[in-house]
Amino acid sequence: MKVFFKQVQKENYPYNTYFADCLKKLFITAFLFAALTLIHFISNPLKANIFNSQYFVLENGMQVVAIPNHRAPVVTHMLWYKVGSADDPIGKSGLAHFVEHLMFKGTDKLPSGEFSRIVAENGGQENAFTSWDYTAYFQRVARDRLEVVMKLEAGRMRGLVVNEQEAGTEKGVLLEERSTRTDNQPAALLSEQMGSAQFLRHPYGTPIIGWRHEIENLSHEDAIKFYKKFYSPANAVLIVSGDITIKELRPLAEKYYGAISPLEFSTPIRPIEPPHRSARKVSLIHERVVNPSITRSYLAAGASDLNDALALGLFAEILGGASTGRLYKSLVEKNTLATWAGTSYQSDTKDYGRFFIYCEALSGVRILELEIALDMVIEELLLKGPSKEEVSSAKARLQTGIYLALDNPYAAAQIFGRALSLGLTVNDIETWPDRVEAITRTQIISTARKTLRKEGSVTGYLLPSKEDE
Amino acid sequence: MACLLKNWCIFILGVCVLGNAVIFEPGNLMASNQFAQVDRIVSPGGIEIWYVKEPSIPVISVTLGFRGGSANDPVNRSGLGNFALALLDEGAGSLDGIEFRRALADRGISFSKDISHDLVSISLQTLTKHSEKAFSLLGFALKDAHFEVEAVNRIRSQILNVIAEKKHNPRIIAGQRWYQDTFQNHPYGRVIDGTEESIKAITSNDLKMWVNRHLALDNLVVGVAGNIPANEIARLIDSALIGLNISSSVSRIKDFKFPDKGHTQIIQMPLTQSVVAFGLPGLKRNDPDFYAAYIMNHILGGGSFSSRLYQEIREKRGLAYSVYSYLLPLKHGGLYLGNVSTRNDAVSQVLSIIRSEIHKMVEMGVSEEELLAAKKYLTGAFPLRFDSGFKISKILTHMQLESLGINYLRERNNLIERVTQKDVHYVAKHLLNSKQLHVVVVGNPDNLETSGL
């Protein structure tokens, strides 16, 4: 079913991208004035090439990026907080996501419901999303309404007011969201189990949405406490993309966000994974599964390790790029064992990433037969390495992909917001093609060998209940 | 106004302004005076192109719309169009499938194909520096796809797999059952993917025939956004499309009649959350009441967080994550559809809220404030549809397919502004007959009364 005239967007609201864990956090406290000295060094806007983005930092520590694109008199205004479900306290999974939902209630200046009413009255579209390391809020508006949404967004950075009853009702929404995303979907249930098996210590193994029994027990006080701790200027990144220049943005950012007092901010220290010594296997049998499938996940470098991340991005293209990679060629086209085979490297988490391989058996093909064939393809590539053509072709894809974001201010805002939230810099994005170009074939091979170790892997089998193996 | 460029004859017949919304709360930023100008170009080969030029962004986006869709698949070959589209990049021209897809991927060219009941859409997006190659690949795919047996059988097994998987997907089950019940033997009742039997029966020859009959110049509309001169766009479009058949041969379809009597059906499945599809008759895109209905839907269950259904079901009661309704103006009749998912013990409560909101809309229409708020949102959000070239190219084809006129972008907000409270109430009374409400629930709902077909 399609809507041609008008796309229904509601289902995206508020959504989360992946699943994560929560363990005990340690904190170090960094006083803001210490950070301010650093900020003065970098507060001159720096200008670079692809997007012509410009960057500065407000005195209270908030980072600001303008990404000009003057195609239409429209802007995307996004506020990213460097907090996500990996910061959920132990036993309270789903809390970061709960706070995201509650952010659409009232503030000390606006009664509940007014925020969205004002955005809509100004022709704005809004939404929000939560991941492991970040939570982001955005509005798309005509450029002459930018100030309206900046005022609103700044107002809920410190001024959120939620009553207990609203919070209780919203928990019902969260549970329905969990049912839609996870409980009703066999593949999502398996993915949750795989996440838990992948991380021995780090919170990335717990689902972003939270475990059902823990969502049920989240309290209004938990949410307010979490909000007060993490929602502050020095923990936020503002991105405005579209019909805007830094000259126009700076006074507005100073007026609305700059007015918020700097706060003492604590950066959580997260646990480190111990050595992974054994390959893990999990399986889920479900009556709604048609053909068995295999998902393999390897513990990998996170986004903060940019060179390894780029090498793995390239390796993922070579091994399993959409209908062009080695897996598709071998398992789908040549040996006709699978209906689909591909890879993805998850790089939107800062501490660790994951390298995924997925393939679904053709009807009648045994899952173990498929896994043997899959491992042969991987092992051959790891042993001999990719050809020079494969490397240059993978590089071209990673490089051109980013240029297409020039056409789409929302996509550009996403790229910058995510990168800055994960600790990368504006320069890392602006010089992306050069960074990709600099990765050597040897680097790709060594990073892949280091990452695709059986001991660091979890293999998940999704099986139909009738499977006779 | 006409102008002659070398031997190209390019007629620029229309100009359009992308208007700015009325200012309610003026800020420091002035409304921009930028225009999205739509040019109507006729290429040397005679192809009409609606074009928006944006010199500052080095990307070209093209959308081709071919009239007719899955409803026009032959009776015992349902799914044929979808199947054929899947093969366009499985080997074409001088390239095999892998080479073709690699040629696209290495240059970051995006090539997508889509089929709905009434329409086939093919989109291409490329960096301008790769445009020669991109359009040559587009030409290969449209005019010289191979349909080799190996690829046909591989895609066939993938489609069969999709069909088998969808049989276990509650959302799809609900939607398909709703369509089948509503349309019975009308072609809209057919599944876009086809059935196991029809997909098994389709031959290479059927697929080639579909391309010959369907992808022709006489049922084509073209929308382009990009940063190159109009004559260059015309040349590229000609290079890709000239050589397609001049005339299409697409079956005729009659208008459908929505059943007079609604039903509530349950398809039992062991789920914690029931998935609900519901719907009523809607109206066609060219119906004079379309904009009144559009506003009515926005207030009842449409796209913002303010809708009555969203407020009553999600905000006040926490019964659902997602609830919405939308108009689906098909070519041979309109639909008014909605979806909600809720826990099994709340299904009957949610359905009674939906019924009572429909009833309230019929009885009382909308308030002046609601109408004003809806208009402010719908007119103010209109420019958001034009912030990427890809979206613009799609809208340009839509404007042609629905005969909205080349000035549509300038006129559209006036059409919204013109709607009165009385218009909305009239269309609500006319459209929303809750006796016709057809509901399909997939799951294990408690205490729900059903009425079979």
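Domain bounds here come from an automatic or database domain assignment. The model shown in the views below is predicted.

**View 1. The two domains of chain A.** Chain A is assigned domain 1 (10-269) and domain 2 (280-464). Their C-alpha centres lie 28 Å apart. Where the two meet, 37 residues of domain 1 of chain A and 37 residues of domain 2 of chain A take part in the contact. On the side of domain 1 of chain A that touches domain 2 of chain A, two or more residues come from each of β4 (63-68), β5 (74-81), β8 (135-142), α6 (186-198) and β10 (236-242) of chain A. The largest share, eight residues, belongs to α6(A). Sorted by class, this side of domain 1 of chain A holds 22 nonpolar, 12 polar and three charged residues.

**View 2. The contact between chain A and chain B.** Here 69 residues of chain A are in contact with 75 residues of chain B. The elements of chain A that each supply at least two residues to this side are α3 (114-121), β8, α4 (146-158), α5 (164-183), α9 (246-256), α11 (326-334) and α13 (388-404). With 10 residues, α5(A) gives the largest share of the side of chain A that touches chain B. That side has 23 nonpolar, 23 polar and 23 charged residues.

**View 3. The two domains of chain B.** Chain B is divided into domain 1 (2-241) and domain 2 (264-443). The centres of these domains, taken over C-alpha atoms, are separated by 27 Å. The contact between them draws 41 residues from domain 1 of chain B and 34 residues from domain 2 of chain B. Elements giving two or more residues to the side of domain 1 of chain B that touches domain 2 of chain B are β3, β4 (48-53), β5, β7, α5 (170-183) and β8 (220-226) of chain B. Nine residues, the largest share, come from α5(B). The class count for this side of domain 1 of chain B is 22 nonpolar, 12 polar and seven charged residues.

**View 4. A six-stranded sheet in chain B.** The sheet is open, its pairing is mixed, and its six strands run in the order β3-β4-β8-β5-β7-β6 (chain B). Strands β3 (38-42) and β6 (110-115) of chain B stand at the edges with a single partner strand each, so one side of each has no neighbour in the sheet. On average, neighbouring strands of this sheet are turned by 15° against each other, direction ignored.

**View 5. The pairing of β5 and β7 in chain B.** Strand β5 (residues 59-67) of chain B pairs with strand β7 (residues 119-127) of chain B in the antiparallel sense, over nine bridges. Within this pair, Ile60(B) is opposite Thr126(B) in β7(B).

Conventions. Residues are numbered from 1 along each chain as its sequence is written. Chains are lettered from A and ligands numbered from 1 in the order in which they are written. This is a predicted model: local features need pLDDT of at least 70, side-chain atom pairs count only at pLDDT 80 or more; totals for chains, interfaces and linings use all residues. Two strands pair if DSSP finds at least two bridges between them. Helices (H or I, at least four residues) and strands (E, at least two) are DSSP runs, numbered from the N terminus. Axes are lines fitted to C-alpha atoms, for helices over the stretch in contact, and angles run from 0 to 180 degrees between N-to-C directions. Two residues are in contact if their C-beta atoms, placed from the backbone, lie within 7 Å. Ala, Val, Leu, Ile, Met, Phe, Trp, Tyr, Cys and Pro count as nonpolar, Asp, Glu, Lys and Arg as charged, and the others, Gly among them, as polar.
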